[in-house]
Each structure stands twice: as C-alpha cells, then as structure tokens.
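Subject: Handover of a structure and notes on it

Dear colleague,

Please find below the structure that I am handing over to you. My notes follow it.

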Amino acid sequence: MRRRLVAGNWKMHGSLAANGALLLDVLDGLPSEAKGECAVCVPFPYLAQARDHLAGTPLAWGAQNLSEHAQGAYTGEVSGAMVAEFGCRYVLVGHSERRALYGETDAVVAAKFMAAQRVGLVPILCIGETLEQRESGVTADVVGGQLDAVLDMAGVEALANAVVAYEPVWAIGTGRTASPEQAQEVHALVRGRVSVRSEAIGAGIRVLYGGSVKPQNAAELFSMPDIDGGLIGGASLAAADFLGIVRAAG
Ligand code: PGA
C-alpha cells in the first residue's frame, strides 16, 4: 500500500511573519489520525524557519530546487548538502517553472535528481506536458521522455526512493484541473513506464498530481487508483485550503 503524500509548493511567496502564522495554523489543523504524509516546500531563506516550526511534528519540509553541483564557483546557487543541513526530507526537481523560465533541460533535471539523492534528500520529480503538446497528442511522449531522462541517467533503482509529480503545465495556477480520468491515464502511464524496468519499484512509487488542486476537487482526484496524493501550489498558501486537501487524502 502506497502512503499518500500531500506536498505544498509555496513557490516564491511568503515572509517570516506570514509563514509563521501559516505553519501554526496548518499544524493546528492537521488531522491526528491521518494515515498519509504531508510536507511543505518553502523558499530557501525560510528553511530554518520551517525546521524551527516543524521539527518533531508530522509536517515534513523541503526545498523547491537545488544545484546539480556539489559545491564551487556557482554564484547564487544552493547545493543539496546545504538544503539537507536544514533537515529537509524533500526537494522538488524539474518543476515546469524551472524548465520553462530557467532553461532546465531533461539532462539538468536528471543531474539535480541524482544530486538530491547523493545527500539523502527525496526528490519529487515534476513532469508534465504543455497545452500545445496535449492538443497535438504527444502527452505520452513528452511525459515518458521526461521520466526516461531520469531513469536512463539514475537507473530504475533510484526511483525506489523518489516521488514523481505529474503536473500538466496547462493546469498549473490556471484554475483548470485535469479531470480525474485525464490525470489517471497519465499516472498509469508513468507507473507502467517504471514497471517495465522494475515491477516492484513501479508498484511502490508514489505519483502525485499537481495543477489547481483545491479542497473541492481533491477527493475525486485522490480516488483514482494511480494518484497517490498531490503537489499543491496556490492552495498551500491558505491553511484552510491546504488542510482540506490533506483531509481529502485521508
Ligand atoms: P497550483 O500549482 O496548485 O497553484 O496549480 C501547482 C504547482 O505548480 O506545483
């Protein structure tokens, strides 16, 4: 049985004051009987604040990016070891905003995935097609290619300790969610692609859905057999919404 995960992605939002209030509200409302796991991925400067608020609580924390390099002359970059020092469990890699706005290629994303695992972080590998790609019928090729780049470079065993997040680019921050059936189709494809290389790892890997998940649509999405939770952007910035989604995950 795969343990569900609901992970917040705050993106470039927050302040010390706002985060403090948000984290307290989320901790306050976390269902004590929850079987699933939840986490928040915060901007780098707030990792210490997340650790201070969340250490010893059921809410895990993580970063949204890391460098593919271990250290060196890479001004402005942050290494996996630095992130790990703040007690993070997770780190997002290859979010579509990183791919589209910062030129992260499949090869760079795969290198970041490996850099995360080298320091004991669990990468949440984000994959997903654009609207144009969906409309021209190449979703399976795009998503499969993004996944294969990591499988080829890191090997299927690496997926045993990782999470995949399917986030159709056209659903991110748009209010337009993939239907549960649309999402399920891609999730099954992702699991199948891993299973071809290792049945056990395919069966065990958690595949999250992301893109305009709200308390109102979460339960329906999470009821699909291959959807193991969510990666939550906008709705993770309001405690009531995030908690509604956490509750929907059971
Ligand atoms: P959204 O973002 O929930 O605001 O659509 C999801 C994400 O980008 O991770």
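S212 counts as buried, because its relative accessibility is 9%; buried means under 20% relative accessible area, exposed over 50%, and partly exposed in between, with a 1.4 Å probe and protein chains only. S212 is found in the loop between β7 (206-210) and α10. Helices (H or I, at least four residues) and strands (E, at least two) are DSSP runs, numbered from the N terminus. Although S212 is not a glycine, its phi is positive, at about 55 degrees.

Before going further, please note that this is a predicted model, in which local features need pLDDT of at least 70 and side-chain atom pairs count only at pLDDT 80 or more, while totals for chains, interfaces and linings use all residues. Residues are numbered from 1 along each chain as its sequence is written, and side-chain values use heavy atoms, with hydrogens and water left out.

Which residues come nearest to the ligand? Of the 13 residues around the ligand, they are K11, H95, E167, G173 and S212; a residue is near a molecule or strand if one of its heavy atoms lies within 4 Å of it. The shell around the ligand divides into 4 nonpolar, 7 polar and 2 charged residues. In this division Ala, Val, Leu, Ile, Met, Phe, Trp, Tyr, Cys and Pro count as nonpolar, Asp, Glu, Lys and Arg as charged, and the others, Gly among them, as polar.

K11 has its place in the loop between β1 and α1. Phi of K11 is near 50 degrees, a positive value in a residue other than glycine. An N or O atom in the side chain of K11 is 2.7 Å from an oxygen atom of the ligand. The backbone also takes part: a polar backbone atom of G173 is 2.6 Å from an oxygen atom of the ligand, and a backbone N or O atom of G233 lies 2.9 Å from an oxygen atom of the ligand. On its own the ligand has 280 Å² of accessible area, and the protein covers 97% of that area. Accessible areas come from the Shrake-Rupley method with a 1.4 Å probe; for residues, only the protein chains shown count as cover.

**Two buried loop residues**

D228 lies in the loop between α10 (215-222) and β8 (229-232). D228 counts as buried because its relative accessibility is 5%. Which side chain does D228 join in a polar contact? The partner is R191, at 2.8 Å; a polar contact is a pair of N or O atoms within 3.5 Å, where within protein one must be able to donate a hydrogen and the other to accept it, and residues adjacent in sequence count only if both atoms are side-chain atoms. A polar atom of the D228 side chain also lies 2.9 Å from the backbone nitrogen of V207. Leaving aside neighbours within four places in sequence, the contacts of D228 (heavy atoms within 4.5 Å) include R2, R3, R4 and L5.

W170 is in the loop between β6 (163-166) and α8 (180-197), and it counts as buried at 8% relative accessibility. The C-alpha atoms of W170 and L131 are separated by 5.2 Å, although the two residues are 39 apart along the chain. Not counting residues up to four places away in sequence, W170 touches E129, T130, L131, R134, R176, T177, A178 and Q182.

**Helix α11**

In helix α11 (residues 239-249), the residues A239, F242, L243, G244, I245, V246 and A249 are buried. These buried residues pack against β1 (5-9), α1 (16-29), β2 (37-41), α10 and β8. Just after α11, G250 takes a positive phi of about 85 degrees.

**Cysteines**

How many disulfides are there? With a disulfide taken as a pair of cysteine sulfur atoms within 2.5 Å, the count comes to 0. The closest cysteine sulfur to that of C38 is in C41, at 12 Å, so it is too far for a bond. For C126 the closest cysteine sulfur is also in C41, at 8.5 Å, which is too far for a bond. C38 is buried, with a relative accessible area of 7%, and C126 counts as buried at 1% relative accessibility.

G76 is in the loop between β3 (59-63) and α3 (80-85) and counts as exposed, because its relative accessibility is 69%. D106 lies in helix α5 (residues 106-118) and is partly exposed, with a relative accessible area of 31%.

With kind regards
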